[in-house]
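Dear colleague,

Please find the structure below for your records. My notes on its aromatic residues follow.

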Amino acid sequence: MRVYLGLIAKRAGSGVPEALVTKARNSIGEVFPVPADTVTSAIWRGPDAVLLAWSNEGDAHRNPGLLLEANGHAVGVNGYLAGPADGARLLAGDRADTLGGCFAAFRAGAGELSAMTTVTRACPVFYAESDEVHAVGSRALQVHLVTREGVRWNALGLQSMIRQGYFLSDETPFEGVTVLPPSSELRVRNGIRVIKTEALPRAEAVPGDARLKRAGVEALAGALLAAVEPVRNAAEPVNLALTGGRDSRLMAALLHAARIPFRATTNGLDDHPDVIIARQIARSLRIEHTVIAPKQTEKKDAILVDHPLTRTLETLRTCEGMTSAYESIVGYLPYSPKPTMNGQSGEILRGGFLYSQGNLAPKALTRRVDAFFLKDDALFTDEANAHARELAAPWQAMDQCGALDHLYVTHRVGRWHASARAGSLRRGDPVQPFLDNRVVRVALGLDPLWRHSEEVVHDLIGTLAPKLRGLPLEGSPWRFRKDLPPTFAQRLRSRIRPVPEAAAKKVGGWNWRTSPGPVLSAVLRDGIDLDVLSAIVRPDAVKTMLDAPELKQPALVWNLYTVSAMLNGLNLDGEPVALEPIRVTVPNGTG
């Protein structure tokens, strides 16, 4: 994981105050959620600008280095680039939107500071200003601390955090700090900040014949093949997390087509569909496959879970108040350079939020878009609801299929995923082709309903690894084929290597976060301070909801708990509180 911070003086010739540079350096313990003794740093200084960088990568080799310097300029890359020469291209002045990879870039020169995001902004850029400087950085809290005295919350901006558990805007929890939009460049010259944003790619209509469809699929396949170049010369095979689903299967097909050595790992018992199907995929591609079975212990009647305050502190410290403590973020482990891949965010290739939309009628699509921004409006103040309606308006004015497609990239990936992935980035930097700048640009140019049909992903797998064509899927069949009778080859395969119906994945299984039981429910209720939330929610309405015998909306309660802790001044740089775990009873027949 890397942390970048750029500072530039508002008045030419005045320089960045040394006290601010010192303040920035001293803040790293508060904003970088890794042990202090694992952190290394670098700095570039110009007449009026400073670019600072920190990393916990140790001696792990990455390209480009922490800071690249040439001809009086410096560039820092957060994330990874698709090509080994792309760092030099950024240093020479190329725009981020012309390059592949999943990254943000920070560039500094004499009297100039800039920062750039890609189409997904999965590596975010935050910016703010004080009377003396403009600041841009990869950690929102650090940008806030160098432009303000102490932490000051953006209370009204937190309304979508309570509704959804993440931001549906470019706001942050911190007063005065904003996140740069997707496909944007922020540039400061002569004390003036200018932001240029490129609209997300416009989707073309569904191709009218098979030849044009094939051309669209081949263009996407070409972008995907270019996206795995960063792992081509890895010192050891890529480890792919493989299941029986669509997205990790596409990753296997991609690595196979690129002739990049890889092995696969699947978690589960031998009779689980993920394991059965993953074995068929591995056998077909002749790759090493490891199955990791869950620990088998005698049945117990309860589990112990971290106290919500302990959980909230870790989430806030790692995700900076942009993800709810409802989420289970990846815990810290020492950084490892071992190459890994998975199928995360494959929904981009299947229509974004359309992938989970069964009813495609216009009214149903409109209700879905409205629900993102305006759900539970009776619980919120008039000001919070007015703010939500303002945020919703541009999306409501769009074609609703396109809105659900772009909402996924802009806010689900660009806000929720960008925040939550900070936990895993402390451990290493997985290559994620579904978040590659060029891949997403090509994908968004394809009709979202065509991608929603899953024909695009199906044909990609067939193009990249024909051996996988027709292998069974875990869960529901391909959408575009579900009403078609099975082919003779499919019937034959199912007889030779059937997937046991009894091993179907459990749906709606017990989850302690959504079924917290009376003890944990009481802790959550008691930890919500309605007074500090009164600028966002209606205390009486929320109290009525909380006083119900059972928590009807546990995720919402977790969100309320998280925001309440923030506004009550929970110390973001504090050590985890030594609180006793909570005992949650396991329902009969579960576990």
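Is W512 buried or exposed? W512 counts as buried, at 17% relative accessibility, where buried means under 20% relative accessible area, exposed over 50% and partly exposed in between (1.4 Å probe, protein chains only).

Please note that this is a predicted model, in which local features need pLDDT of at least 70, side-chain atom pairs count only at pLDDT 80 or more, and totals for chains, interfaces and linings use all residues. Residues are numbered from 1 along each chain as its sequence is written, and side-chain values use heavy atoms, with hydrogens and water left out.

A search of the whole structure gives six aromatic pairs; rings of Phe, Tyr and Trp (its six-membered ring) pair if their centres lie within 6.5 Å, and planes under 30 degrees apart count as stacked, over 60 as edge-to-face and the rest as tilted. One of them joins F353 and Y408 edge-to-face, at 5.1 Å centre to centre and 80° between the planes. Because F353 lies in the loop between strand 17 (340-341) and helix 10 (362-374), and Y408 in helix 12 (residues 400-420), this pair ties together parts 55 residues apart in sequence. Helices (H or I, at least four residues) and strands (E, at least two) are DSSP runs, numbered from the N terminus. F353 is buried at 7% relative accessibility, and Y408 is buried at 6%.

W512 and W558 form another edge-to-face pair, 6.1 Å centre to centre with 75° between the planes. W558 is buried, with a relative accessible area of 0%.
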